[in-house]
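Reader: Could you walk me through the model on screen? I'd like to take the questions one at a time.

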Amino acid sequence: MVNQYETTAAPRGEGAAAPRVDKAPPSAKEQKSRTWRSRRYRWDMKFSPYAMLLPFFLFFLAFGLFPLLYTGWASLHRVSLTDPNNMEWLGFKNFTRLLEDEFFWNALKNTVTIGLISTVPQLVMALGIAHLLNYKLRGSWFFRVAVLTPYATSVAAATLVFVLLFGRDYGMINWGLGLVGIDNIDWKNGTWTSQLAVSTIVIWRWTGYNALIYLAAMQSIPNDLYESAALDGATRWQQFFHVTLPSLRPTILFTCVVSTIGATQLFGEPLLFNDGASPTGGSDHQFQTLGLYLYEQGWVNLHLGRASAIAWAMFLILLLVAAVNWLISWRLRKSEGRA
């Protein structure tokens, strides 16, 4: 009797088919190993992405969500930084008090003013620099690294250098103004001059960063659009206004939102620009931002509840900015769809 797994030799000759060899069935141990490998592969494909994202969520819970919820709870209480466990319920009194606080409105006004003075010139200059870097230049990599250098510089180091530049008696800027007959300007004690000086630091640090963002967006614009515009007789300026700018609208909107968020949270530059790194923002609070006012209430006056209310007010302002961004983006997508 022939075993069903054995094979019989076929006569070899011209045109003869190769002998057929049947594989023996896997053993129980091998079958179990295959089943386990298949199951482990399915688990790996299913749970590996979540395992890779788990560290981010853990850090976000520890340093993002928990502080946010805790400050929200603390904003409803009277609590001192020296005794954070002793809380007295106040409800929304800390928030209603902000509406009557002239220093809060002064800080909000200064934040908006410094934000406008720093953001508008910064983005305009970044757009121009990106437009120049978009053309073929010798050593373009050097210029791209050079414009990013201020962003990589420490806030403290950059601000201290600008403090020397804006010095009243020995500053280089006043020295240059004196060459053209302009008297020394007391940059720190004037309202507009101090805000302009702080804005200059922000512009110097962030212009190159935004320029590289615009440059990356420009390089993704198809060359066919420029070639078609050139065939129609458009000059480079016309190509910039009618091809480049419309293609950069989402990127420009993104940089505007990010710059607005950064201006709302401005802290290091005005803190170090003041004498003695005081959070008062000048002798008359002339360049005190919301970030400085929060720091003054929480870490100088030790009013943790009020500081938490200011933090949540800043958070609500950022939510409002995000809502405006969404509305503008929706209108742009709608107009492009109609076009």
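Reader: How do the residues of the lining of the largest pocket divide into nonpolar, polar and charged?

Author: The lining of the largest pocket has 18 nonpolar residues, seven polar ones and no charged ones. In that scheme Ala, Val, Leu, Ile, Met, Phe, Trp, Tyr, Cys and Pro count as nonpolar, Asp, Glu, Lys and Arg as charged, and the others, Gly among them, as polar. Please keep in mind that this is a predicted model, in which local features need pLDDT of at least 70 and side-chain atom pairs count only at pLDDT 80 or more, while totals for chains, interfaces and linings use all residues. Residues are numbered from 1 along each chain as its sequence is written, and side-chain values use heavy atoms, with hydrogens and water left out.

Reader: What volume does the largest pocket have, and what counts as a pocket?

Author: Its volume is about 450 Å³, taken as the space filled by probe spheres set on the grid points, which are joined across faces, edges and corners. A pocket, on a 1 Å grid over the protein atoms alone, is an open set of points where a 1.4 Å probe fits, with protein on both sides within 12 Å along at least five of seven lines, and lining residues have an atom within 4 Å of a point.

Reader: Which residues lie nearest its centre?

Author: Of the 25 residues that line the largest pocket, G115, L116, T119, C256 and T260 lie nearest its centre.

Reader: And which elements give two or more residues to the lining?

Author: Those are α3, α10 (249-264) and α13 (304-338), and the largest share, 10 residues, comes from α3. The helices here are DSSP runs (H or I, at least four residues), numbered from the N terminus.

Reader: Staying with α3 and α10, how do their axes cross?

Author: The axes of α3 and α10 come within 9 Å and cross at roughly 145°, and the crossing is right-handed. Axes are lines fitted to C-alpha atoms, for helices over the stretch in contact, with angles running from 0 to 180 degrees between N-to-C directions. Right-handed means that the near helix is turned clockwise from the far one by less than a right angle, and left-handed that it is turned anticlockwise.

Reader: Which residues make the contact?

Author: On α3 they are T111, G115, T119, Q122 and L123, and on α10 they are T255, C256, S259, A263 and T264, where contact means heavy atoms within 4.5 Å. By class, this contact between α3 and α10 has three nonpolar, seven polar and no charged residues.

Reader: At what angle does α3 pack with α7?

Author: Helix α3 (residues 102-133) and helix α7 (residues 191-219) pack at about 35°, with their axes 6 Å apart. This crossing of α3 and α7 is also right-handed, and the contact has 20 nonpolar, nine polar and no charged residues.

Reader: New topic: where is H131, and why does it count as buried?

Author: H131 sits in helix α3, and it counts as buried because its relative accessibility is 19%. Buried means under 20% relative accessible area, exposed over 50%, and partly exposed in between (1.4 Å probe, protein chains only). Leaving aside neighbours within four places in sequence, H131 is in contact with M218 and F240.

Reader: Which residues other than glycine have a positive phi?

Author: Among them are H285, with a phi of about 55°, and L302, with a phi near 65°. H285 belongs to the loop between α11 (268-273) and α12 (290-300), whereas L302 is in the loop between α12 and α13.

Reader: Are those two buried or partly exposed?

Author: H285 counts as buried because its relative accessibility is 17%, while L302, at 29%, counts as partly exposed.

Reader: What about helix α4, say V145 and T149?

Author: V145 is found in helix α4 (residues 140-152) and is exposed, with a relative accessible area of 51%. T149 is in helix α4 as well, but at 44% relative accessibility T149 counts as partly exposed.

Reader: How far apart are T149 and G208?

Author: Their C-alpha atoms are separated by 7.8 Å, and T149 and G208 are 59 residues apart along the chain. For V145 and Y50, which are 95 residues apart in sequence, the C-alpha to C-alpha distance is 36 Å.
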